Amino acid sequence: MKTIEYDIRGQICPSTLLIALREFNIHQEALRDGAVRLRFLTDHRDCVATIPESARNMGYTAEVTREQGCYLIEVHGG
Amino acid sequence: MVAGMMNETYLLLAGGSLALGLGAGAVMHRSDYCLAGMFRDLFLFRRVDKLRTLVLLIVATMLLFEGARLLGLLPNYPFPLFYAPSAANIIGGMLFGVGMVLAGGCVVGTLYKMGAGSLISAVAFVGLIAGSAGYAEIFPFWSGFIRHTTFFPGKITLPQIIGVGPTVPVLLIAAAAGVLTLRWRRQGAFRRNLLIAGDLPAWQAALLLALIGLLSAVVIGLPLGITASYAKIAGWIEQLVLPGHVADSAFFRAVPLHYRHPLTGAELAGGSGPQFDAIAAIQFPLVAGIVFGSAISALLLGEWHLRRKIPGRQLISALAGGVVMGFASRMAPTCNVWHLMGGLPILAGSSLLFLGGLFPGAWGGGRLLTSLVLPRDASSKSPVRP
């Protein structure tokens with residue numbers, strides 16, 4: 001499975017969520033086929049909830065883990 | 001004796017404001033309670049969950065203020081620096097809405113995000129000061145505009161306009177909002193998966209901020225407000241370069257705040273000019289408190305980091321948004337925190353008009369942000385790590 005990682009720390013609100021939503025759409029087929037996994041590095045506290053919620057609403061699996069001073073949100077087809 | 005009472009009052013103002021700021025900064029950071037985001041996300045994502053908590057905040061403050069008023073704790077009700085509604089409120093609110101979305105946070109969001117290490121918000125803060133300085137140049141014209149477009153001279157609140165006491169309208173609105181809030185609660189609107197350590201649910205943040213607002217009204221004698229301090233900073237900086245211009249400026253010479261402190265009885269005055277007065281004693285500690293409260297919260301969670309790799313387009317947006325917001329907060333007058341957390345709870349006509357302008361402003365700001373700052377076709381520009 002190919003992994004694409006986005007470092008979107010420190011960006012203006014709501015850039016973080018917009019980038020995540022855009023990448024969900026771009027990689028829609030690959031995510032559903034299990035060919036790709038998206039990893040978002042963010043320090044935006046609100047998005048640690050909204051990105052996984054949006055991913056789950058679209059039928060994907062989302063996991064959040066703490067990294068040094070930020071959060072890693074991993075989204076895959078599940 | 002008078003000097004001693006004044007010193008005590010100033011210490012109370014500064015100490016009280018610092019404590020309230022520290023509390024507000026920590027609460028806002030833990031909950032990421034972004035007032036700008038609430039309005040922006042309504043249009044960008046059709047998201048209303050945090051906007052609902054703003055309703056909770058306003059109505060809770062409304063009940064607390066009215067209770068305090070009935071107990072005689074708010075002798076300056078309706079508060080100083082609220083004026084009769086005018087067209088300036090809606091125009092200022094609209095421009096403010098555009099600015100806060102472009103800046104990525106409102107006047108207080110900028111502070112708590114800056115405290116947590118956001119470079120974008122630090123840039124927006126510079127813009128806020130520049131915008132406040134710019135407004136000083138149109139102050140004489142805009143004061144005339146406000147005078148000519150005032151709707152109900154001498155009437156500040158909706159109950160005053162319709163000629164009734166505030167208790168019945170407040171209870172009616174609170175009852176309607178209570179029914180709405182219970183319905184939202186049953187629908188699970190306030191439920192949220194807490195995914196990160198130290199997270200504070202937005203509805204709890206709303207209630208804590210309502211309490212902080214009440215303490216400000218009782219101890220300081222005014223609701224929370226911060227933007228006059230931005231104008232003061234602008235005045236101080238401008239004075240270094242153009243001292244004669246600042247001395248001649250009608251805006252910097254004006255002293256609109258006059259009130260008797262509710263606890264000590266001291267007569268207080270203040271304005272936007274570069275001098276130490278009651279506004280400086282109240283707002284600078286409040287601003288510092290919000291920044292440090294958020295910074296301490298972020299440090300305790302191990303989340304404080306200064307991010308330097310920000311797309312240039314976003315930095316320009318933050319600066320422009322800050323300038324527009326600083327300008328609009330003087331035009332309105334004043335900012336969203338003052339109107340939403342201080343004016344709407346007393347049903348101030350100016351705050352209702354400001355709110356009316358804020359919605360289209362946030363919509364317009366969202367359009368500008370998505371079309372100019374965050375282009376849809378910019379996937380190749382995304383910061384992708386290999």
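In helix α2 of chain B, residues B:F39, B:R40, B:L42, B:F43 and B:L44 meet B:L355, B:L358, B:F359, B:A362, B:W363, B:G366 and B:T370 of α16(B), where contact denotes heavy atoms within 4.5 Å. By class, this contact comprises nine nonpolar, two polar and one charged residues; Ala, Val, Leu, Ile, Met, Phe, Trp, Tyr, Cys and Pro count as nonpolar, Asp, Glu, Lys and Arg as charged, and the others, Gly among them, as polar. The model is predicted, and local features need pLDDT of at least 70, side-chain atom pairs count only at pLDDT 80 or more, and totals for chains, interfaces and linings use all residues. Residues are numbered from 1 along each chain as its sequence is written, chains are lettered from A and ligands numbered from 1 in the order in which they are written, and side-chain values use heavy atoms, with hydrogens and water left out.

The axes of α2(B) (residues 35-44) and α16(B) (residues 349-373) come within 9 Å and cross at roughly 65°. Axes are lines fitted to C-alpha atoms, for helices over the stretch in contact, and angles run from 0 to 180 degrees between N-to-C directions. Helices (H or I, at least four residues) and strands (E, at least two) are DSSP runs, numbered from the N terminus. The crossing of α2(B) and α16(B) is right-handed, a term for a near helix turned clockwise from the far one by less than a right angle, left-handed being the anticlockwise case.

Eight of the ten residues of α2(B) are buried, so the helix is largely enclosed by the rest of the structure. Buried means under 20% relative accessible area, exposed over 50%, and partly exposed in between (1.4 Å probe, protein chains only). The buried residues of α2(B) are B:L35, B:A36, B:G37, B:M38, B:F39, B:R40, B:D41 and B:L42. Their packing partners in chain B are α3 (49-70), α4 (87-103), α5 (107-115), α15 (336-343) and α16. After α2(B) comes B:R46, with a positive phi near 55°.

Over all chains, the structure holds 14 salt bridges, each defined by a side-chain nitrogen of Lys or Arg within 4 Å of a carboxyl oxygen of Asp or Glu. One of them links A:R39 and A:E5, with the closest N and O atoms 2.7 Å apart. Since A:R39 belongs to strand β2 (residues 36-42) and A:E5 to strand β1 (residues 2-7) of chain A, the pair ties together parts that are 34 residues apart in sequence. A:E5 is buried, at a relative accessible area of 9%.

Salt bridges also occur between the chains. B:E303 and A:R45 form one in which the closest N and O atoms are 2.8 Å apart. B:E303 lies in the loop between α13 (278-300) and α14 (312-331) of chain B and A:R45 in the loop between β2 and α3 (47-57) of chain A, so the pair joins two chains. Both B:E303 and A:R45 are buried. A:D46 and B:R47 meet through their side chains in another salt bridge (3.1 Å, N to O). This pair likewise joins two chains, because A:D46 is in the loop between β2 and α3 of chain A and B:R47 in the loop between α2 and α3 of chain B. A:D46 is buried at 10% relative accessibility, and B:R47 is buried with a relative accessible area of 13%. A network of salt bridges links A:D46, B:R40, B:D41, B:R47, B:D49 and B:K50.

In chain A, seven of the seven residues of strand β4 (residues 70-76) are buried, so β4(A) is largely enclosed by the rest of the structure. In a regular strand the side chains alternate between the two faces of the sheet. Both faces of β4(A) are covered, with A:C70, A:L72, A:E74 and A:H76 buried on one side and A:Y71, A:I73 and A:V75 buried on the other. β4(A) pairs with β2(A) in the antiparallel sense over five bridges, pairing requiring at least two DSSP bridges between the strands. Within this pairing, A:V75 is the bridge partner of A:L38. Strand β3 (residues 61-67) of chain A also pairs with β4(A) in the antiparallel sense, over seven bridges, and A:L72 is the bridge partner of A:T65. The hairpin of β3(A) and β4(A) has two residues between the strands, and A:G69 takes a positive phi near 70° there.
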